[in-house]
Amino acid sequence: MTDAPSTIAERSADVLARATPTNVAVRVRGLSDRAIAWLFITPTIALLLAINIFPLIWAVYLSFTNFRANRPNAEVDGVGLRNYQRVLNDPDIWIAMQTTAHFVFWTILLQTVIGFALAYLIDRKFRGHAFWTTVILIPMMLSPAVVGNFWRFLYQPQIGLFNYIVSFFTGIPPSSFEMLGSVSLAPWAIIIVDTWMWTPYVMLICLAGLRSIPDYIYEAAEVDRASAWRQFWSITVPMALPFIMLAVLFRGIENFKMFDMVMLLTGGGPGSTTEVASITLKREAFESWLTGRSSAFAIILFVAVFGLANIYVKALNKVKQR
Amino acid sequence: MSSVNTTAHSVVEPTPTVKRIAGTIVILYALVTMIPLAWIFLTSIKSPPDSISYPPKVVFTPTLEGFCNLFTTRTRQTPDYIQSLPAPTSTCDEITRSRNMVIAGPSNYWPRFGNSLVIAFGSTFLAVSLGTFAAYGFSRFRVPLADDLLFFILSTRMMPPIAVAIPIYLMYRQFGLSDTALGMILLYTAVNVSLAVWLLKGFIDEIPREYEEAAMIDGYTRLQAFWKVVLPQATTGIAATAIFCLIFAWNEYAFAVLLTSGSAQTAPPFIPTIIGEGGQDWPAVAAGTTIFLVPILVFTIILRKQLLRGITFGAVRK
């Protein structure tokens, strides 16, 4: 790279390098740290560019055309922003967004309340709490599609276990209500399964929050004769709050994308009462084959999720700083 | 974690009554949430009539019919024809014939299960390998724009799968990757590598740099130090990350249902399509679900200490 050392500084550096013991010189041999860094990181970035970014750019291109994937040989025309205009002015899509918001709101509310309560109770460290915590965690590890599919059986009006248990406790005849077939109950059928599955997730994060509160704070509060109620609201809740927020954000992003469970439980029905954004997108892209238009919708969803992701990373950093 | 010495009379130690009440509520909750899973297992060993009886049966004669129906395809035959057949050679033969049917051949369950195994393990291996290198790179070297790159890596995981699936579908159709195991492996690798990088970076950050530096002073090159010092130290983290990737790939449905239809279809899109005569064959579905869930149960128990870290992308480490 360089010519013969010219300056005094370079010459002395050269002399020093020659005088360096071999074991240190070995560090220099082989690849430089910089080369290794790039060698290690590039494959991952390349894969993500090929499988995530290249298709994304393609989708952006398609969103400005009238391309339909089921007619690959038809002429493709640019349509400017018309796809975006249509998506944003489509009442069906706004209804789907509202449905999604409804799900996100109720599932997060239920999961946070139940999850935090469970974490609080588990943190009382009763005998066997570690074992029961593991048991509680099981549902969240399972496949939402495969388990959601089985819930369809539990929700059967006459023979389903869910209807039987409800009728056992309330006396309502089990075949008098259809969890999946009725317009008013179908959204709740999905909220129940989602809550069953993901409450453990919120619980686990809340538990970490509660365990991060040092005992001495409670001891000090006890010395000050703060009531248990007061301690809960002025120590426990505020100190666990960043963790609760983290759980809420994670669940918010996940449920915004909600697809598997809805697809298998109701497929968006009855009518379109449970049609969340992902289901609408799937219908437009893979059933109506409006590829250009659905690409525009997909890009709009991307932007929305990116907004959420940004908030998420900021919150994550805040939690980490503690 | 610093532990404060808590004596039996510590003010922060809940009283026995509080503990008992808390324990009762938690155990009750745990038992209630286990009902659907218990019901999946019970249904898998019920006969089809028992599975749809009212009131739901808790006491019944267990049978392997659900599993037999899951593994085979059957055709209905006349009793005379069945009489004329040689003696049944297996339990499933016997059960099937008692329903006036004969086994026509194996079902698609094991091939789909096999696809799930190949795709899940293949993508996990790739994601964890790539992720380990990248995580080491981010952990130990000053990479320009590291924060932006890490955010970019994470953000790919935030995209709604259906939105990603549209261009992937077109791209795979172009390159002949539709409905192939390779296509699914690449896709799941791309999704999982973000989790792998984030988790593994956390694990590698926890290994003191001094270990490698000492090794390099002793004459190792940077690469040797990585292989012989860092990797062995990171084994637990790598294993936990691998299990998380495996579970994601194993459970994934949205991409699988849109991008595979035949030879590369995995178990999650297949299981809901199991039907018998006149509708869904619930014992067979339950049997398929049970077999599908068992590996996850085992992994959950192995992973329980690392779960928190995995589900928060390493944000919360306890």
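Where pLDDT is low, the predicted coordinates should not be read in detail. The model scores ipTM 0.87 and pTM 0.86.

This is a predicted model, in which local features need pLDDT of at least 70 and side-chain atom pairs count only at pLDDT 80 or more, while totals for chains, interfaces and linings use all residues. Residues are numbered from 1 along each chain as its sequence is written, and chains are lettered from A and ligands numbered from 1 in the order in which they are written.

Chain A has 14 helices and zero strands, where helices (H or I, at least four residues) and strands (E, at least two) are DSSP runs numbered from the N terminus. Buried residues make up 40% of its 322 residues; a residue is buried if 20 or more other C-beta atoms lie within 10 Å of its own, exposed if 12 or fewer, and partly exposed in between, with C-beta atoms placed from the backbone. Of the contacts in chain A with a separation of 6 or more, 71% join residues 24 or more positions apart.

Chain B is divided into domain 1 (1-107) and domain 2 (110-266 + 298-311), with bounds that come from an automatic or database domain assignment. The C-alpha centres of these two domains of chain B are 33 Å apart.

The contact between the chains takes 86 residues from chain A and 90 residues from chain B. Helix 1 (residues 16-44) of chain B gives the largest share of the chain B side, 16 residues. By class, that side has 70 nonpolar, 14 polar and six charged residues; Ala, Val, Leu, Ile, Met, Phe, Trp, Tyr, Cys and Pro count as nonpolar, Asp, Glu, Lys and Arg as charged, and the others, Gly among them, as polar.

Beyond four places in sequence, A:Leu204 is in contact with A:Leu137, B:Leu307, B:Leu308 and B:Ile311.

In helix 7 (residues 144-154) of chain A is A:Trp151, which is buried, with 26 other C-beta atoms within 10 Å. Its contacts beyond four places in sequence are A:Val193, A:Leu265 and B:Pro36. Of the 17 residues of helix 12 of chain B, 14 are buried, so this helix is largely enclosed by the rest of the structure.

Some backbone features sit in loops. Most residues other than glycine have a negative phi, and most peptide bonds are trans. The peptide bond from B:Tyr54 to B:Pro55 is cis, with omega near -5°, and B:Pro55 lies in the loop between helix 2 (48-51) and helix 3 (65-71) of chain B. A:Arg225, not a glycine, has a positive phi of about 60° and counts as exposed, with 7 C-beta neighbours inside 10 Å.

How values were computed. Two residues are in contact if their C-beta atoms, placed from the backbone, lie within 7 Å.
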